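Here is a protein model to read with some care, one question at a time. Please look at the sequence and the structure before going through the answers.

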Amino acid sequence: MKNEGMERIFMQMPIGYARLAAVSEKTAHGQQYILMEANDTFFHCWGLDKEKSLNKRISQLLDDVSDTSAWKNFYENLAYAKKEKPFIINIGEHSFRMTLHYDSQSEELTSFFTDITDIYRQLQTEQDKNEKLAQDIDIFFNSTQDGLFIVNYEDGEFRYLRNNTAHQNLTGLTIQQLGGKTPTQALGETGAALQNGYQKCVDSGESVMYEETATFNGKNRRWLVRLTPVKDKGQVSYIIGSRIDITDLKRLEMEKEQLLENLNSMFTSHSAVMLIVERETGRILDANPKACSFYGYTREELLAMNMENINGTIHHSQIHSLTETDRYFLFPHRLKSGEIKMVDVYTSLITYEGEKQLFSIIFDVSDREKFREDLSKEKELLSVTFNSIGDGVVTTDNEGLVTSLNKAASEITGWQIEEAYKKPFHEIFDLRNEATGEAASNPISEVLRTGKIVGLANHTVLLDKQGNLVPIADSAAPIRDENGLVYGVVMVFRDVSQEKTQQERILYLSYHDALTGMFNRRYMEEEMLRIDQPGNLPIAVIMGDVNGLKVSNDVFGHKTGDLLLKSVAEAFKHTIGEMGVSARWGGDEFLVLLPQIDAVKAQKLVRQMEETLKKNDSLPFKISVALGFDIKYDEKVSLHQVLQKAEERMYHKKLMEGKSYRNNIMNSLLSTLYERSTETIEHSLRMEAICLPIAEKMNLTLEERDELSLFAMLHDIGNVGVRTELLTKAGPLDAEEWKEIKRHPELGYRIAQNTPELSVVSEYILSHHERWDGSGYPRGLKGTDIPLLCRIMAVADAYDAMTNDRPYRKAIEPQAAKEEIRSLAGKQFDPHISEIFLELDYPSF
């Protein structure tokens with residue numbers, strides 16, 4: 001530096017300073033520099049000897065510095081000197097902020113090193129704290145027993161962000177199944193219902209709590225839901241929700257209410273005498289009707305009395321001391337008549353109106369036989385209950401010998417109690433492993449050995465008396481006396497055949513299409529991952545789209561549409577066989593994956609499939625499926641890209657074949673119409689012959705006349721969807737039959753709308769039964785609101801119907817038909833068109 005004062009400042013300051021000069025040569029790391037001067041702080045930082053380091057190239061000092069890695073980092077960052085952007089460099093245990101200044105005229109670099117170790121460590125500590133806080137929040141999120149979930153709300157749409165472990169366990173929905181999806185995408189109809197609650201939270205802008213019933217993981221449960229909105233700038237952006245399964249709590253609440261109701265009913269209706277007595281004073285707080293009838297007092301009289309009035313010489317303090325240890329007493333009780341009766345008193349502490357009081361059940365033991373009869377009934381009730389339990393129950397003694405079987409146990413095992421009594425448990429219960437057939441451990445022996453409750457292992461089956469294997473689930477527990485001594489074992493078990501079948505059915509449906517029995521999209525998406533391996537190349541992907549499914553559903557009903565899909569599915573399965581896997585990919589789309597199949601073989605399979613479909617005659621029309629395929633040869637190409645290419649080719653073929661197939665469908669529909677009704681090709685030709693002269697008289701354009709001709713041919717095409725017996729019925733139609741007949745304009749409209757070449761007359765087909773006075777159907781159009789061609793058709797159709805035989809009447813003379821049209825002009829028919837028609841001279845058809 002030229003200024004000696006400034007030089008001394010730079011040399012003595014605690015900030016590292018160095019001046020570097022560029023040299024002409026360059027290395028692989030960029031521009032080479034020579035260390036021209038530096039202060040002591042710089043040399044101390046790098047552990048360099050000042051005398052040995054000055055005027056040397058930076059690359060030559062690599063072996064002399066204390067931290068070679070940091071020196072390399074310093075050297076590499078010199079290349080960015082012209083940007084004069086500071087950077088952090090770590091030398092040993094210290095961190096430095098290095099700034100560079102490049103002088104383009106002298107081609108020198110000035111660098112400064114500021115020790116920021118303490119600041120850097122403080123920042124690192126704060127970063128560690130933030131990471132720890134994030135971990136703690138995550139631990140809290142996933143450790144709480146409540147099922148938590150977070151929903152993003154943006155542009156009126158809800159999307160799940162995440163859910164915690166408890167929520168996943170409760171609902172069976174993982175983060176992958178929920179993340180980024182709307183409730184409807186993730187949960188279908190259930191999700192749509194859940195979204196209503198979310199919307200209420202957003203609309204109110206406040207926390208909401210409610211109960212709802214929802215199905216998750218195949219289980220319909222009752223939930224307590226809490227939703228808390230999180231706002232950004234006053235607008236709800238997120239919802240934090242918790243979901244608690246309160247099904248069991250609700251059940252317990254109902255059971256508690258039922259229990260209280262039962263207890264109250266028992267108290268008021270029971271045949272036993274019942275009293276509630278104040279614990280400290282002996283005052284009678286309540287008495288049931290039986291107590292009133294037994295003692296001979298009214299309830300009001302009893303409530304004004306003390307137990308000493310009934311117990312005679314026994315003071316209540318004596319009873320109070322007894323109740324501390326005993327619950328049963330024998331007392332003489334005095335009735336209102338003065339008669340003394342000995343009674344058994346069973347007393348227990350209960351909470352009555354918030355206080356601990358005595359509840360006494362009192363029996364007149366003078367009628368001991370009645371008591372014994374009641375005891376016998378109770379024993380019978382226990383027996384009935386034992387045999388009414390839906391699960392099988394078996395008990396044994398300490399030797400493992402059967403002592404009882406209930407009815408369910410007999411039905412499951414095939415053994416009656418008379419046959420099984422005192423037989424070893426293992427002779428009656430031959431338990432085996434379902435997979436291996438080997439004998440399973442004896443739960444009775446295990447309980448007797450350990451004195452603990454024992455459950456059967458999974459996949460345990462019982463070989464019943466008839467030799468059938470019955471899958472069962474059970475648990476066995478010791479039977480203990482009042483002293484805790486084991487004197488037997490009770491085992492409760494049940495036949496889980498239906499549960500197992502149901503589980504297998506659920507598993508099947510999760511990977512299969514319910515209608516066709518083919519694999520579904522979920523299965524195929526997993527299969528694509530399994531098949532997409534280098535060893536399976538080339539992989540052929542065939543995509544098919546069923547033509548005319550919507551028309552089939554609209555015209556012939558959904559049963560025919562279902563039959564169409566089933567027929568296509570059978571053709572796919574028959575053609576593909578064991579060569580690959582086929583599935584129903586979507587509503588009318590099918591997908592085939594074929595490992596080790598090239599383009600030649602794939603093309604051959606497509607032709608075979610098309611031939612198979614052509615031969616199918618189970619439907620009232622020819623089956624048509626647009627097929628496209630592509631081949632994966634290169635393992636670097638995604639199978640999804642191949643699928644997309646196959647789909648593009650399929651849609652191209654669908655576009656090319658569409659018109660031909662629609663013509664085929666329309667011809668089939670017309671043939672069906674002529675077969676099922678009185679409509680004939682001759683009728684269509686007569687209609688055209690009647691309509692066209694009217695059109696000429698009205699100076700209709702050539703385009704309108706062409707439309708009128710097409711309309712004449714198709715006006716009643718909707719009748720293909722009406723039952724044949726109604727179209728040909730000779731007698732009058734009832735209200736319901738008329739309702740079905742009146743559907744045919746709408747049905748014909750949908751048919752024409754689904755066929756581009758016919759859509760031009762769809763509106764005419766819909767309106768061809770409207771009347772000039774507005775009394776027609778289906779929309780009740782009136783006057784000129786009815787399309788012109790429909791008004792022409794109305795006159796022509798009526799004339800042709802009257803002058804030709806119909807199932808419900810004979811034809812009339814043309815002149816009579818014209819008079820009928822004249823009389824209905826201005827009511828059913830357009831008066832102007834009626835006038836034109838009547839002026840024309842039509843021959844008899």
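Q: Is Asn55 buried or exposed in this model?
A: This is a predicted model, and Asn55 lies in the loop between α3 and α4, where Asn55 has a positive phi of about 65° although it is not a glycine. A residue counts as exposed when its relative accessible area is over 50%. Because the relative accessible area of Asn55 is 55%, Asn55 is exposed.

Q: What is the relative accessible area of Glu107?
A: Glu107 is placed in the loop between β4 and β5, and its phi, near 55°, is a positive value in a residue other than glycine. Glu107 is partly exposed, with a relative accessible area of 40%.

Q: Which word, oblique or perpendicular, describes how α23 is set against α24?
A: Two packed helices are described by the angle between their axes and the distance between the axes. Helix α23 (residues 558-576) and helix α24 (residues 599-615) pack at an angle of about 140°, with their axes 9 Å apart. An angle of 65 to 115 degrees would count as roughly perpendicular and one over 145 as roughly antiparallel, and therefore α23 is, relative to α24, oblique.

Q: How many charged residues are in the contact of α23 with α24?
A: The contact is made by residues including Val568, Ala571 and Phe572 of α23 and Leu605, Gln608 and Met609 of α24. The residues of this contact divide into 7 nonpolar and 4 polar, and the number of charged residues is none.

Q: Which proline is joined to Leu537 by a cis peptide bond?
A: The omega of this cis peptide bond is about -5°. The proline is found in the loop between α21 and β23, and the residue joined to Leu537 is Pro538.

How values were computed
Residues are numbered from 1 along each chain as its sequence is written. This is a predicted model: local features need pLDDT of at least 70, side-chain atom pairs count only at pLDDT 80 or more; totals for chains, interfaces and linings use all residues. Side-chain values use heavy atoms; hydrogens and water are left out. Axes are lines fitted to C-alpha atoms, for helices over the stretch in contact, and angles run from 0 to 180 degrees between N-to-C directions. Helices (H or I, at least four residues) and strands (E, at least two) are DSSP runs, numbered from the N terminus. Angles under 35 degrees count as roughly parallel, over 145 as roughly antiparallel, 65 to 115 as roughly perpendicular and the rest as oblique. Contact means heavy atoms within 4.5 Å. Ala, Val, Leu, Ile, Met, Phe, Trp, Tyr, Cys and Pro count as nonpolar, Asp, Glu, Lys and Arg as charged, and the others, Gly among them, as polar. Buried means under 20% relative accessible area, exposed over 50%, partly exposed in between (1.4 Å probe, protein chains only).
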